[in-house]
Amino acid sequence: MELKAVSKVYGTGRASMQALRGIDLRIGDSDFIAVMGASGSGKSTCLNILGCLDTPTSGAYLFKGVDVGALNRNKRALLRRYFLGFVFQGYNLLDRTSALENVELPLIYRGLHARKRREKARAALAAVGLNEWEGHTPAELSGGQQQRVAIARAIVADPAVLLADEPTGNLDTARSLEIMDLLSRLNRERGITIVMVTHEQDMAEFAKSRVRFRDGLIADPEPEGAK
Amino acid sequence: MLLNAFLLALREIRRNIMRSSLTSLGIIIGVAAVITMVTLGSGATEKVKTQIGSLGSNLLQIRPGQGFHGPGGIREAATPFDVKDANAIKREILGIEAVAPTAEAATQAIYGNRNWSTMVTGSTNGFMEVRDWPVEKGRQFRDGELRGGTAVCILGSTVSRELFGDDEPLGEIVRLKKLAFRVIGVFRAKGQSTFGRDQDDFILIPLRTFQRRIAGNTDVTSLYVSVRDGYSINRAKQDMERLMRERRHISEGKEEDFHVRDMREIANVLSGTTKVLTSLLGAVAAVSLLVGGIGIMNIMLVSVTERTREIGTRLAIGALEREVLLQFLVEAVVLSSLGGVIGIILALGMSAWLAGILLVPFVFNPDIVVLAFAFSVAVGITFGYFPARKAARLDPIEALRHE
């Protein structure tokens with residue numbers, strides 16, 4: 001994944017707001033990168049672009065050599081479907097729906113058969129250590145468990161890249177550490193590339209590298225090996 | 001893809017079972033109303049038909065003057081018939097079972113200190129035959145009474161009740177126009193006619209007696225003719241028209257000054273009326289179905305707003321615009337058609353029950369059931385499309401941020 005001189009402007013005219021001012025960023029396969037910065041620094045915008053949810057105003061975003069900016073809405077949706085997984089701060093699980101059915105959701109859009117779907121969803125739940133909880137609805141699970149269900153949902157379709165937007169933002173330290181352990185394990189064992197937005201230094205420490213945003217620019221790529 | 005959308009929609013409906021059933025309620029009521037109205041309406045039509053059939057479906061009536069021509073129909077006083085016309089019909093037309101020449105007048109019937117305004121009808125024993133109306137108590141006229149113009153009478157059951165109450169009327173004397181008539185029989189009660197007239201409110205006396213003592217002429221106001229089973233009524237009607245033209249010297253091409261009425265004609269007019277009423281009621285009920293559809297749209301719009309984050313999640317996961325559209329559309333259609341099915345079941349139960357109370361036959365009408373179901377599906381598509389499109393066009397980033 002490569003961002004080339006990407007900038008993003010919201011709105012037009014005097015009310016316009018420049019969220020990104022020419023970003024260059026290269027993320028290799030099996031990388032684990034933490035994107036840090038204050039709110040309004042452009043890190044979320046960057047993640048949205050990386051996640052093919054948004055397109056750059058200028059510059060280019062190449063995903064596996066494809067210029068995402070040139071793709072239409074549906075093509076970008078297909079890109080997300082087959083290559084990306086998302087973890088959100090607010091978990092975004094479906095209410096009144098069992099953990100297993102939540103994890104199955106991406107597979108439904110992939111058109112898998114019911115039996116295959118169930119099998120893969122169970123495996124993903126097992127990978128996050130929740131195989132005992134498959135029949136529970138989000139309301140019956142703790143925050144940490146809900147986030148693990150969300151991670152299971154993100155990895156169930158074997159994505160190349162996992163995009164996490166403040167995955168530990170709503171959790172206490174112990175739960176946060178569990179989640180980070182889980183993420184680094186997925187990165188290590190499955191080779192999933194992870195891009196994680198966070199503003200907590202402790203959590204960023206789990207990543208292999210860190211970038212810090214300030215006012216729409218990358219401030220200081222931390223020296224490698226600081227970890 | 002449709003299967004997936006169906007699966008997702010079903011999960012969604014199950015997830016929000018309360019809201020789903022409330023949404024369907026509008027359609028349930030609409031469909032139930034339409035089908036109940038139409039079913040009861042068809043029942044009423046059917047009832048009218050059988051009631052008229054009870055007048056005698058093989059019955060023809062000939063009256064002087066024109067038929068149902070609306071205002072100005074009768075342009076000149078037409079010559080009345082007489083008994084010879086009746087005999088000629090009986091003699092010359094094939095397949096005639098019985099002919100009853102009748103004449104009528106309004107009169108007062110007095111017994112002791114009671115009196116009752118009623119119709120006095122003069123006719124022959126053919127009257128009982130053509131109207132298929134037996135004398136319940138007592139007897140019919142004797143030939144001598146008919147020929148001699150004796151003052152005897154047979155009472156309709158209403159008259160008998162009003163004048164005699166529970167007393168025995170047979171053999172008693174009833175006065176009509178100051179003449180004393182001996183009661184020789186009472187008709188079986190027939191009830192109200194389709195027009196709401198009490199058919200039992202009359203007194204039958206021999207035609208000759210009527211002509212001599214009541215009317216003072218030899219006129220016959222109408223002829224009732226019944227056609228034998230297996231003979232064509234239309235044929236008999238045509239024959240009678242021809243015969244009457246001949247007897248009344250109506251030249252070719254000139255309009256008849258009499259009218260042969262077929263009871264089926266009346267049946268058609270009346271059942272036409274109830275059909276119009278049925279469609280009116282059905283149309284009113286269809287409006288409620290439309291309102292039900294708007295209810296679906298309303299709930300779907302609320303649902304889209306409420307589930308904005310969920311839609312954002314689906315879009316982020318890689319749902320295509322048309323998949324989201326289809327999901328919401330299918331959801332609306334499943335809700336409306338489910339409502340349709342429940343409404344149909346409800347309507348059938350309800351109309352069977354109401355048909356019992358209203359004393360109309362229960363007529364199952366498959367057309368309207370199919371139509372109502374198709375309409376409820378169409379309502380789902382029509383009113384589900386707009387909210388579904390709204391959902392599909394959401395910006396995933398905005399939707400994910402939605403609180």
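**Helix 8 of chain B and its setting**

In chain B, helix 8 is followed by His249(B), whose phi is positive, near 55 degrees. Helices (H or I, at least four residues) and strands (E, at least two) are DSSP runs numbered from the N terminus. The model is a predicted one, in which local features need pLDDT of at least 70 and side-chain atom pairs count only at pLDDT 80 or more, while totals for chains, interfaces and linings use all residues. Residues are numbered from 1 along each chain as its sequence is written, and chains are lettered from A and ligands numbered from 1 in the order in which they are written.

Helix 8 of chain B comprises 15 residues, 233–247, and reaches 21 Å from its first C-alpha to its last, close to the 21 Å expected at 1.5 Å a residue (1.5 Å times one less than the number of residues). Its buried residues are Ala236(B), Met240(B) and Met244(B); a residue is buried if 20 or more other C-beta atoms, placed from the backbone, lie within 10 Å of its own, exposed if 12 or fewer, and partly exposed in between. Seen down the axis of helix 8 of chain B, these buried residues fall within an arc of 65 degrees, so they line one face of the helix; the arc is that of the directions from the helix axis to the C-beta atoms. On the other side, Asn234(B), Arg242(B) and Glu246(B) are exposed.

The buried residues of helix 8 pack against several elements of chain B, including helix 3 (83–92) and strand 2 (96–111); contact requires C-beta atoms, placed from the backbone, within 7 Å.

How values were computed:
Contact = placed C-beta atoms within 7 Å.
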